[in-house]
Amino acid sequence: MKRLAVAAAVVVSTAGSALAQDASRVGVDWSGVYVGAFAGGANGDASYTNVPVGIPDVGAIDGGLAGLKAGYRYQYGPAVVGVSVDGALANVKGMVGSFNHARFKVEWLATANAQLGLAFGRALVYGTAGGALVGLQHDYDSVASVDVSYPRRTHSGYAVGGGAEYAFADKASISFEIRHFVLEEETFPQVLNVMGHAVDANFTAGTIGLHVRF
């Protein structure tokens, strides 16, 4: 019995050592600087509100986007914290109204984010939140007045969401991320017969990315 117990202890110890070595081979270190590219799509709503009336017209916007990302992460045990910045060109557009039309187009976006996640071997899941700047252009087509095209405005706001990332190599990974953007209103003065008004947009973007770590 004593010899059996010793043999069992040796087997357990050997198996534990082997599993630990295998885990060290399977796991990756997420710490360090990383850069990457991403692409995807977005959909949401844009609103147009005449200032004296205050009743918004809301319409759907959707389209694609693609951009670049850079960040830094630090891993402590399974916990991973990080910061990142990204910028993208976009073609997310739509129309508000059925009689008089306000057309919207998100042309670009940029964010600065904080991340908090958990690592599981080669996988990482995380939440993200940060500030956003979005270039939004709109024009107004009226049956009763001259059509007006307004200059693009930069809307500030925030983006919140999360993602998952998988390291298919020691220094390379693929990610999926989804974020919801909420923008502040921008107001525009009356031009010709088009009343002063406020516009804003909220949308959700889903992207697939490829990252390289250093």
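Colleague: Which residues line the largest cavity?

Modeller: Start with the general idea: rolling a probe the size of a water molecule over the atoms shows where empty space is left. In this predicted model, the lining of the largest cavity is made up of F38, K69, D86, Y126, S175, E177, R179, T207, I208, G209 and H211. The volume of the largest cavity is about 90 Å³.

Colleague: Which elements give two or more residues to that lining?

Modeller: Those are β8 (172-183) and β10 (197-213). With four residues, β10 gives the most to the lining of the largest cavity.

Colleague: And how many residues of each class does the lining of the largest cavity have?

Modeller: Sorted by class, there are four charged, four polar and three nonpolar residues.

Colleague: How many cavities of 30 Å³ or more does the count come to?

Modeller: The count is two. The second largest cavity holds about 50 Å³ of space, and its lining consists of F38, L65, L109, E177, I178, R179, F181, A205 and T207.

Colleague: Which element supplies the largest share of the lining of the second largest cavity?

Modeller: That is β8, with four residues. Both β8 and β10 supply at least two residues here. By class, the lining of the second largest cavity has six nonpolar, two charged and one polar residue.

Colleague: Now to the rings. How do I read an aromatic pair?

Modeller: In general, a pair of aromatic rings is described by the distance of the centres and the angle of the planes. The count here comes to one aromatic pair. F181 and F203 form this pair, with 4.8 Å centre to centre and 10° between the planes. Planes under 30 degrees apart count as stacked, so the pair of F181 and F203 is a stacked one.

Colleague: Where in the chain do F181 and F203 lie?

Modeller: F181 is in strand β8 and F203 in strand β10, 22 residues apart, and the pair links distant parts of the chain.

Colleague: Are F181 and F203 buried or exposed?

Modeller: Both F181 and F203 are buried.

Colleague: What sits over the ring of Y34?

Modeller: The charged end of R73 does, 4.4 Å from the centre of that ring. R73 also lies over the face of Y126, where the distance to the ring centre is 5.7 Å. Y126, in turn, is one of the residues that line the largest cavity.

Notes: Residues are numbered from 1 along each chain as its sequence is written. This is a predicted model: local features need pLDDT of at least 70, side-chain atom pairs count only at pLDDT 80 or more; totals for chains, interfaces and linings use all residues. Side-chain values use heavy atoms; hydrogens and water are left out. On a 1 Å grid over the protein atoms alone, a cavity is a set of points where a 1.4 Å probe fits but cannot get out, and a pocket is an open set with protein on both sides within 12 Å along at least five of seven lines; lining residues have an atom within 4 Å of a point. Grid points are joined across faces, edges and corners, and a volume is the space filled by probe spheres set on the points. Ala, Val, Leu, Ile, Met, Phe, Trp, Tyr, Cys and Pro count as nonpolar, Asp, Glu, Lys and Arg as charged, and the others, Gly among them, as polar. Rings of Phe, Tyr and Trp (its six-membered ring) pair if their centres lie within 6.5 Å; planes under 30 degrees apart count as stacked, over 60 as edge-to-face and the rest as tilted. Buried means under 20% relative accessible area, exposed over 50%, partly exposed in between (1.4 Å probe, protein chains only). A charge sits over a ring if NZ of Lys or CZ of Arg is within 6 Å of the ring centre and within 35 degrees of the ring normal.
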